[in-house]
Amino acid sequence: MNREKLPGIGVLTSGGDAPGMNAVVRAVVRTAIFQGARVFAIKNGYQGLVNGGNDIVPADGRFVTGIIHDGGTILGSARCKEFMERSGRLEAAAKLVALGIHRLAIIGGDGSLTGAMVLHREWQELLDELVKTGRIPEERVNQNRDLRITGLVGSIDNDMCGTDLTIGADTALHRIVEAIDAIYDTAVSHHRAFVVKVMGRRCGYLALMSGLITGADWVLIPEKRPEARSWKQEMCRILKQGLDAGRRASIVVLSEGVKDSEGHDIDLPDVRDALRSILGLEVRVTELGHVQRGGHPSAFDRIQATLLGNAAARVLLSGKMKYNPALLGMEGFHIITSSLDKCLQKNREVADAVDVGDSRRAMEKRGRFFAGAFKAKTILKRPLPSARVSGENPVLALMHAGAPAPGMNTAVRALTRLGIEAGYKMLGIQHGFEGLVAGDVRDLDWMSVNGTSGMGGAFLGTKREIPGEEDFAPIERQLHQHNIKGLIIIGGLAGYTGANLFRLNRHGFQRFSIPIVCIPATISNNLPNTDLCIGSDTALNNIIEAVDKIKQSAVALKRCFLVEVAGRYCGYLALMSGIATGAERVYLHEKSVTLQDLSRDIQFLKNSFKGDRHLALLLRCERSHNYYDTEFMRTLFEAESGNDFSVRHALLGHLQLGGSPAPLDRILAIRFADNCVRFVDNALKNRQAPAVFMGIKRGKIRFFDLAILEKLMDIDYSRPQNQWWLKFWPVARTLV
Ligand code: ADP
């Protein structure tokens, strides 16, 4: 292939750095090379473009080796004054044309992407000027007329339209939630109040979400300006009620950029002094600062960065672009393309609304998800329910079924409080269907779920057993005895199957004719009609952390690691963690593994270890093959390695299930809970008894009749017939 004929493609990172930028750079470089293009790494953002010379260097696959798990950006990022001026952009154009680069993948915040827009708008004029002034011959210039740009948003603030989450925001949320969870422990021990300030500039996403999913009692965000004269009293009144109700700590989360209704800044000392003087509390303040930007990118950030980088290179090198410049973003795990111009325009509208203090417009423009989260936060943080719970209230029962999944407690807490708020008495059934048969129940009142949002495991207990026919009569008796009007099961396929049995046996057991809702919660993400299940994001993060450590243990050895991850026959965790860790090979049952494949892989490893490879990572899903198990593969690879490399294996086992739920799992649990309570309430008010399971598709929550469950499942392998994520298989292959 004549690479000189293909357009040169440049990649740069600009503005504030964000975790995940390296994963984008790696994906752009490797995908473009795979497609046969010449790729250039541009250092220090637009400054590199203006400078040229050693700041624009050809990049090969090795240039981006071993960077996927690093925070920051290997390209360097900078703010460049010259590029704000036309003269600076003329320099940049000259450098690009000289190297034949007219495809650009730009990763940055809204400032950087505005710069990209301006460059694109002026491009023809800039080129004309380069010809007119004789700097570059016309023929050369004309080869570069077709400038194409894709913008990817790298920003921890989540402050951009056109994508659900900007690259880096999930990692920042991880850092903030870890910090607030830790602060909560010490605050409880000392009965202290804490004020935590988080980043966000004009966007309250980090403050709002961290407040929603941790033990925070009060949140201040720029979009919702509090009343100048009364906010301090109002905040203290709520905190006091919480302390009176038995809360042993008070935490206030303050975003950057908050002003009151009269436009006065609200900063840490204002909140601290109010808590001290009005409540007489001992107060500590913490400004998290750059901690939020640093550290290893989260699983979601690595995956979305990789998918977006891969898509950006493909879009730039494909025949035509729907939008140019385009902004590539994600809806859940699905890539969406928008007009960069339109996204920047919408962003300016939100920023304007925030700047002038128009809270209604600012909240509206942030979208329904943001406004919904604000509402949920307002309810969940209440020290006491606004509705009274009495013996008269209809009863909703909550239970788990299947293996524990991190985030189950978050769901139970949210369901309990939102249910009480909607006028129900909430009952917890312990230890799954066995507990339902035995009547092993406990009341769930407002304070019984206090402090449980970030707890791992499942405090109600969960079991995998599915009820048999002999259990139906005792279950009916329990439903009657506790007067249960609705049943919510948070769990995996065991829960769905049990619920479906109730649906199928309604003719014989009248009490089964109540609303029944299954909320998907299982780390393996093997449930139908949902992009995600509660728990799978935490499991992915557990896997990548373990794999990062395993990789670090092998510096300077010729070593191949074979890591087995959970999922039984469902390869979601294996494939996604393979993408997030840059694994050389991923073995899934869905992509049947043959002896020829293994033989080819051994040859590939031998060849590359003979070169300068030190380390290789192979990930296999538990049941990727019925006979070629992890031990077999380890022995085979070791036996065939011919002393070119050694092989070690690791079974991650229960480590994947444990730990505090990741932010995305907590947010998902609260969203499911919120929609579920409204659904059940509506059904009961309309005297209906649907039996459904929930799912989230492209960020939208939906309900599906359990009657379609069998049709959707591949029962032999306990996984959905349609596994949406398998479309990422080629990405994993391309990038290694
Ligand atoms: P971020 O991309 O994180 O929002 P900045 O707003 O600082 O960060 O922008 C980064 C760089 O993008 C600036 O230093 C400048 O080089 C370029 N840039 C920003 N706004 C413009 C603009 N209106 N015109 C041209 N270049 C711009």
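Reader: Which element gives the most residues to the lining of the second largest cavity?

Author: The model is predicted, and the second largest cavity in it has a volume of about 50 Å³. Its lining consists of Arg 26, Thr 306, Gly 578, Ile 579, Gly 582, Ala 583, Val 731, Ala 732, Leu 735 and Val 736. Two elements give two or more residues to this lining, helix H19 (572-581) and helix H24. The element that gives the most, with three residues, is H24.

Reader: What is the volume of the largest cavity, and which residues line it?

Author: The structure holds three cavities of 30 Å³ or more. H18 and helix H22 (663-685) each supply at least two residues to the lining of the largest cavity, and that lining divides into seven nonpolar, one polar and two charged residues. The volume is about 70 Å³, and the lining residues are Phe 300, Phe 333, Leu 532, Ser 536, Asp 537, Leu 540, Tyr 572, Leu 664, Asp 665 and Leu 668.

Reader: Which aromatic cluster includes Phe 300, Phe 333 and Tyr 572?

Author: Phe 300, Phe 333 and Tyr 572 are among the residues that line the largest cavity. They also belong to one aromatic cluster, whose members are Phe 300, Phe 333, Tyr 572, Trp 724, Trp 725 and Phe 728.

Reader: Between which domains does the second largest pocket lie?

Author: About 840 Å³ of space lies in the second largest pocket. Of the 31 residues that line this pocket, the closest to its centre are Arg 30, Thr 65, Gly 66, Glu 584 and Arg 613. Because two domains both give residues to the lining, the pocket lies between them: domain 1 (3-166 + 297-332) and domain 4 (542-656).

Reader: Which element gives the most to the lining of the second largest pocket?

Author: By class, the lining of the second largest pocket has 12 nonpolar, 10 polar and nine charged residues. The elements that give two or more residues to it are helix H1 (21-34), helix H18 (536-552), strand E19 (615-621) and helix H24 (729-735). The element that gives the most, with four residues, is H1.

Reader: How far apart do the C-alpha centres of domain 2 and domain 4 lie?

Author: The protein is divided into domain 1 (3-166 + 297-332), domain 2 (169-292), domain 3 (395-533 + 663-717) and domain 4 (542-656). For domain 2 and domain 4, the distance between the C-alpha centres is 44 Å.

Reader: Is the pair of Phe 472 and Phe 512 stacked or edge-to-face?

Author: The count of aromatic pairs comes to 18. In this pair the ring centres are 5.8 Å apart and the planes stand at 90 degrees. Phe 472 lies in helix H16 (residues 469-481) and Phe 512 in the loop between helix H17 (493-504) and strand E16 (516-520), 40 residues apart, and both residues are buried. Planes over 60 degrees apart meet the cut-off, so the pair is edge-to-face.

Reader: What is the arrangement of the aromatic pair of Tyr 628 and Phe 632?

Author: Tyr 628 is buried, with a relative accessible area of 19%, whereas Phe 632 is partly exposed at 31%. Their rings lie 5.0 Å centre to centre, with 20 degrees between the planes, and the pair is stacked.

Reader: Is helix H14 largely enclosed or open, and what is the distance between its end C-alpha atoms?

Author: Of the 14 residues of H14, 14 are buried, so the helix is largely enclosed by the rest of the structure. Gly 423, whose phi is positive, near 100 degrees, follows H14. At 1.5 Å a residue, the helix (residues 408-421) should span 20 Å, which agrees with the distance between its end C-alpha atoms, 20 Å.

Reader: What distance does helix H6 reach from its first C-alpha to its last?

Author: Helix H6 (residues 169-190) has 22 residues, for which 32 Å is expected at 1.5 Å a residue. His 191, with a positive phi near 55 degrees, follows H6.

Key
Residues are numbered from 1 along each chain as its sequence is written. This is a predicted model: local features need pLDDT of at least 70, side-chain atom pairs count only at pLDDT 80 or more; totals for chains, interfaces and linings use all residues. Side-chain values use heavy atoms; hydrogens and water are left out. The expected span of a helix is 1.5 Å times one less than its number of residues. Buried means under 20% relative accessible area, exposed over 50%, partly exposed in between (1.4 Å probe, protein chains only). On a 1 Å grid over the protein atoms alone, a cavity is a set of points where a 1.4 Å probe fits but cannot get out, and a pocket is an open set with protein on both sides within 12 Å along at least five of seven lines; lining residues have an atom within 4 Å of a point. Grid points are joined across faces, edges and corners, and a volume is the space filled by probe spheres set on the points. Ala, Val, Leu, Ile, Met, Phe, Trp, Tyr, Cys and Pro count as nonpolar, Asp, Glu, Lys and Arg as charged, and the others, Gly among them, as polar. Domain bounds come from an automatic or database domain assignment. Rings of Phe, Tyr and Trp (its six-membered ring) pair if their centres lie within 6.5 Å; planes under 30 degrees apart count as stacked, over 60 as edge-to-face and the rest as tilted.
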